[in-house]
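This report walks through a two-chain model. Look at the sequence and the structure first, then read on.

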Amino acid sequence: MQTETTPSVLEGQDAIRALIRVSLVEGLRQRGKDEGVLIPPEPLPPGPVYGHWQSVIFLLSPIMRITLKVFFDSHVSRAQLARIFHRPLADIKDALVYDHMRELLNIAGGSVKRFLEGEGIPAGTSLPLITRGFDEIFFSVANRKDSIVDYFPLRCTDDSQFVAGMRVDVIDWKGVNAFRWNAPQTEAGALSNDGGMDFL
Amino acid sequence: MNLPVIRESTLIQASHHIIQWLEESKQNVDDFIDDSVEAFCVVSLDGTILRGNRRFASLYDTDMERVRGRQLKEIFSRERWRLFKKKLQGADARSDGTSHTEFELAVDLPEHATTLMMLWSVSAFYSGDGHHTRFFAVSGRDLTEARACENRYSSLYANIPLGILEINADFIISDHFSAYAEVLLDCEDLPGQSLWDLLFRPALAHLPEHERARLGAIRNVFGTSADEFDLLSKPEQLQLSAESGGRTLGLSLAPIFSQGKVARLLVILEERTHLC
């Protein structure tokens, strides 16, 4: 159970990472009707292909370009939808699974966009796209100096897992470094998997 | 009417449509790979499966989603996996700039108590991350049935007590002949030899005149149609001289057509000496 305490102010890259992590966690909680979604402490499964599928959305602002992804296997999302709709697995068609995962990214992307715009940073989002997790081989970027990359697992109450990813291509480092976010502090470990911060 | 708003809205709609179209287009291409009759997968250097199509996943008795993360070595015996791994490493290290290698190697499926003979093709490629991370595209074609067929034919050709061989219009013997043909013709190096010289010419001397004409008519079968071939009078038995073994051989000729004309002959010889 989460409790709200004194918010912490994060800055720069930490703020962006935290905002995106929270947006994706909240997106999955909302879409999956599961308040117990969290970032588990254990490390990521081996990559770079974290799921058979990935849902992708793109946000553009004057200071950065953000790519949000969630990797998934359709049988996991299908089970989630079967639980939500109280339907047998066979009733959950592929199209519904893909729409479900697109909507998850819509929610997360919309949340990031709303916050950016609330801070006076205009932002636009793309349509969410479904593609193969395998494509990550060709699109993954590691250690580019103008990119911030973060991949993390998301675990649901029923122990099913997704992997979320973000890549921020910085356009204006000054703007990024000036970025502030009042992150809500939750119970330790609720959103963390790297041990670096209490909640992120 | 706010034209700039309408224009922007239309642009956004057009962009959305093209994204949907691209998504479907890509899915169509992925479906081709997924539904291929050949097993296909992508692995890392340590043999971790990053993607496998339906046929490949069936080797693991699972589906495409669940085969990801499994190890390629699970379907090979330890010795065969050592060989496969060497081929993976070799595909990457080729100095001629190519990165493709092809080889046959059996797959062990203990749950099915079976072994599949596969023709594997391995090629290396690099990721898009600028770090030159190596991956391998692996495809496998099941040769089991084809090999079984070959073995059946080989067994037939090796064991049947008939001389079966194939000749062209010049009476030259091809690579396809039964083991017993070497016995009947008393020759151990048949391919490239002339059957006319080996068999028909020596037999001519021992044939009565009307049979000689029939034997000579064999030369005219090439280029005939099926009807014409059937009408030609062909010898059914050959007598070989004492110098050639003094044997009597039964003879059957079966035409092999190309574009409706006799291009080659299947010659079947049978030992009949004991019957005379």
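The model is predicted.

**Chain A: layout**

Chain A has 5 helices and 8 strands. From the N terminus on, the order is β-α-β-β-α-α-β-β-α-β-β-α-β. Among contacts in chain A between residues at least 6 apart in sequence, 70% join residues at least 24 apart.

**Chain B: layout**

Chain B holds 9 helices and 10 strands. Its radius of gyration is 31 Å, well over the 19 Å that the globule rule gives for 276 residues, so chain B is more spread out than a compact globule. The C-alpha trace of chain B spans about 105 × 60 × 40 Å along its principal axes. In chain B, 40% of the contacts between residues at least 6 apart in sequence join residues at least 24 apart.

Charge is the next topic. Chain B carries 29 positive and 41 negative charges.

| Property | Chain | Value |
|---|---|---|
| Buried residues | chain A | 54% of 200 residues |
| Buried residues | chain B | 36% of 276 residues |
| Accessible surface | chain A | about 8800 Å², 54% from carbon and sulfur atoms |
| Accessible surface | chain B | about 15800 Å², 53% from carbon and sulfur atoms |

**The nonpolar cores**

Which residues touch the most other members of the largest nonpolar core? They are A:Ile20, A:Ile66, A:Leu68, A:Phe162, A:Val168 and A:Trp181, and the core has 49 residues. Several elements of chain A each supply at least two residues of this core. Among them are the helices H1 (12-31), H2 (74-85) and H3 (94-118). Strands of chain A on that list include S2 (53-60), S3 (64-72), S6 (147-155), S7 (161-170) and S8 (180-183). The largest share of the core, 9 residues, comes from H1(A).

A:Phe162 shows the packing up close. Leaving aside neighbours within four places in sequence, A:Phe162 is in contact with residues including A:Leu28, A:Val70, A:Phe72, A:Val76, A:Met101, A:Phe152 and A:Leu154. Its contacts also include A:Ser77, A:Gln80, A:Pro153 and A:Cys156.

Another core lies apart from the largest one. This other core has 29 residues, among them B:Leu184, B:Cys187, B:Leu207 and B:Val267.

A:Val9 sits in strand S1 (residues 8-11) of chain A. Is A:Val9 buried or exposed? Its relative accessibility is 51%, so A:Val9 counts as exposed, the cut-off being over 50%. Not counting residues up to four places away in sequence, A:Val9 touches A:Arg180, A:Trp181 and A:Asn182. A:Val9 and A:Pro184 are 175 residues apart in sequence, yet 8.9 Å apart in space, C-alpha to C-alpha.

A:Thr131 belongs to strand S5 (residues 129-132) of chain A. Its relative accessibility is 11%, so A:Thr131 counts as buried, the cut-off being under 20%. Neighbours within four places aside, A:Thr131 is in contact with A:Trp53, A:Gln54, A:Val56 and B:Lys26.

**Backbone details**

The peptide bond from A:Gly47 to A:Pro48 is cis, with omega near 5°.

A:Lys33 is found in the loop between H1 and S2 of chain A. Phi of A:Lys33 is near 50°, a positive value in a residue other than glycine. A:Lys33 counts as exposed, because its relative accessibility is 59%.

B:Asp186 has phi near 55°, and B:Asp186 is not a glycine. B:Asp186 lies in the loop between helix H6 (179-185) and helix H7 (195-204) of chain B. At 67% relative accessibility, B:Asp186 counts as exposed.

Definitions and conventions. Residues numbered from 1 in each chain as written. Chains lettered and ligands numbered in written order. Predicted model: local features only at pLDDT ≥ 70, side-chain atom pairs only at ≥ 80, totals over all residues. Heavy atoms only, no water. Helix = DSSP H or I, 4+ residues; strand = E, 2+ residues; numbered from the N terminus. Rg over C-alpha atoms; globule rule 2.2 N^0.38 Å. Buried < 20%, exposed > 50% of the residue type's maximum accessible area, 1.4 Å probe, protein only. Contact = heavy atoms within 4.5 Å. Areas by Shrake-Rupley, 256 points an atom, 1.4 Å probe, with all protein chains shown as cover. Lys, Arg positive; Asp, Glu negative; His and termini not counted. Charge placed at Lys NZ, Arg CZ, Asp CG, Glu CD. Core = buried A, V, L, I, M, F, W, Y, C linked by side-chain atoms within 4.5 Å.
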